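Please look over the sequence and structure before reading the points below.

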Amino acid sequence: MSVNIPMPADIKGRMVANLLGQTFTALDGTQVTPDAANPNSFENVMLSATADEAYEVYLYIKLYVARELMPDQAIDWLPRHAAIWKVPRRLAVAATGTVDIACSAETSIPAGTELTLDGSVRWNVTTSTDIAAGATATVSVAAETAGVIGNLAAGTGLTLVSPIAGVTSVTVSSADGLSGGLDLEAIEDWRQRILAAIRDPEGAGTIADYKRWATAGGAAYVGVLAGYPGPGGVSVGIAMSGPRAATGGEVADVAAYIQTKRPVTAKVTILAAELPPVPVQVALNPDSATRRILVSAALAVSFAQNAVVGDPFYQSDISAAIASVTGERSYRLLAPAADVQPDGLQLLVLGDVDYVSPYPG
């Protein structure tokens with residue numbers, strides 16, 4: 001049943017009608033009958049102001065409270081819905097890893113020593129280390145700022161914010177680089193996890209449960225194979241936002257979280273999903289450099305939103321992305337020629353986009 005909000009004039013009309021015929025006793029004992037219907041009276045003016053305020057209250061109830069009552073639209077009350085359904089927001093996490101520090105002279109590297117790449121982000125040495133002359137030591141570091149901004153590839157060279165005599169080079173050494181940094185979970189991603197908990201309540205280790213647990217543990221893309229590699233086994237393939245392959249540390253984090261949730265008899269294996277690229281070949285009409293940029297961007301968004309670990313990527317999603325570009329009149333999708341099938345728990349990602357010109361007749 002919809003709620004009809006009365007307009008200010010209607011609200012005022014009800015107030016005027018309520019006052020008409022009523023008599024009040026003044027402080028001097030005389031009887032007073034308000035002249036609320038007279039547009040020039042004090043009572044009428046006050047009722048106009050009151051009606052406007054009441055109208056705003058109605059709007060508040062409809063536009064704010066009604067929105068916040070439901071988790072699919074709530075903003076300010078979303079944390080309350082999350083608490084009720086036990087879906088805490090994923091907090092930002094700082095990247096960690098190791099670096100190799102080479103020294104030409106005997107040097108002491110104190111805990112808290114700051115490293116940087118370009119001055120915008122800093123990483124701190126977490127444990128004091130003494131390094132002999134001509135030696136290289138591996139030390140642990142953590143990003144000062146939580147988030148993906150702290151992730152760095154292996155082999156990246158860093159510098160000391162405050163130079164230390166004898167240090168000749170600093171290089172990211174851990175195989176996964178400096179990794180594990182996660183941004184604070186986006187509001188809409190959090191909302192979708194809350195809605196999933198409502199629509200598909202937690203069971204005794206269903207496929208939906210493992211997807212929910214892996215996502216809560218930090219994974220952005222999740223696929224589940226039940227009964228694999230054997231009876232009672234569950235294999236969970238994960239990938240991270242980007243998309244990118246999960247590092248060993250990220251796999252361990254997700255595994256640790258699922259360990260706290262899984263049925264005691266389940267044999268769970270967490271895997272870093274492979275990310276094979278899907279090459280796309282297309283001819284556009286009309287064709288231009290700008291339109292190619294827009295098509296490539298639309299394809300990237302489609303793969304990021306529609307790809308699922310272990311599921312095929314549908315040719316129709318590729319076609320829909322191309323067709324969504326403003327100004328596109330017609331196109332020929334030359335590859336892939338059909339839906340693309342993954343090999344097990346793989347996450348299919350966008351590969352090279354090849355634009356064919358001229359448009360085939």
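Helix α6 (residues 248-259) has 12 residues, which at 1.5 Å a residue should span 16 Å, and its end C-alpha atoms are 16 Å apart, in agreement. The expected span is 1.5 Å times one less than the number of residues. Helices (H or I, at least four residues) and strands (E, at least two) are DSSP runs, numbered from the N terminus.

This is a predicted model, in which local features need pLDDT of at least 70 and side-chain atom pairs count only at pLDDT 80 or more, while totals for chains, interfaces and linings use all residues. Residues are numbered from 1 along each chain as its sequence is written, and side-chain values use heavy atoms, with hydrogens and water left out.

**Helix α6**

- The buried residues of α6 are E250, V251, V254 and I258; buried means under 20% relative accessible area, exposed over 50%, and partly exposed in between (1.4 Å probe, protein chains only).
- Viewed down the axis of α6, these buried residues fall within an arc of 100°, so they line one face of the helix. The arc is taken from the directions from the helix axis to the C-beta atoms.
- The cover over the buried residues of α6 includes α5, β12 (233-240), β13 (244-245) and β14 (267-272), with contact meaning heavy atoms within 4.5 Å.

**Salt bridges**

- Side chains of opposite charge can pair when their charged atoms come close.
- A salt bridge is a side-chain nitrogen of Lys or Arg within 4 Å of a carboxyl oxygen of Asp or Glu, and by this rule the count comes to eight salt bridges.
- R67 and E68 form a salt bridge at 2.5 Å, N to O. R67 is partly exposed at 25% relative accessible area, whereas E68 is buried at 0%.
- In the salt bridge of R122 with E114, the closest N and O atoms are 2.9 Å apart. R122 is partly exposed at 32% relative accessibility, and E114 is partly exposed at 26%.
- R212 pairs with D209 in a salt bridge, the closest N and O atoms being 2.8 Å apart. Both lie in helix α5 (residues 207-216), three residues apart, about one turn of the helix, and both are buried.

**Loop residue S174**

- S174 lies in the loop between β10 (167-172) and α4 (187-199) and counts as buried at 16% relative accessibility.
- A polar atom of the S174 side chain lies 2.7 Å from the backbone oxygen of G177.
- Leaving aside neighbours within four places in sequence, S174 is in contact with G97, T98 and A154.

Terms used: Polar contact = N/O pair within 3.5 Å; in protein donor to acceptor, adjacent residues only side chain to side chain.
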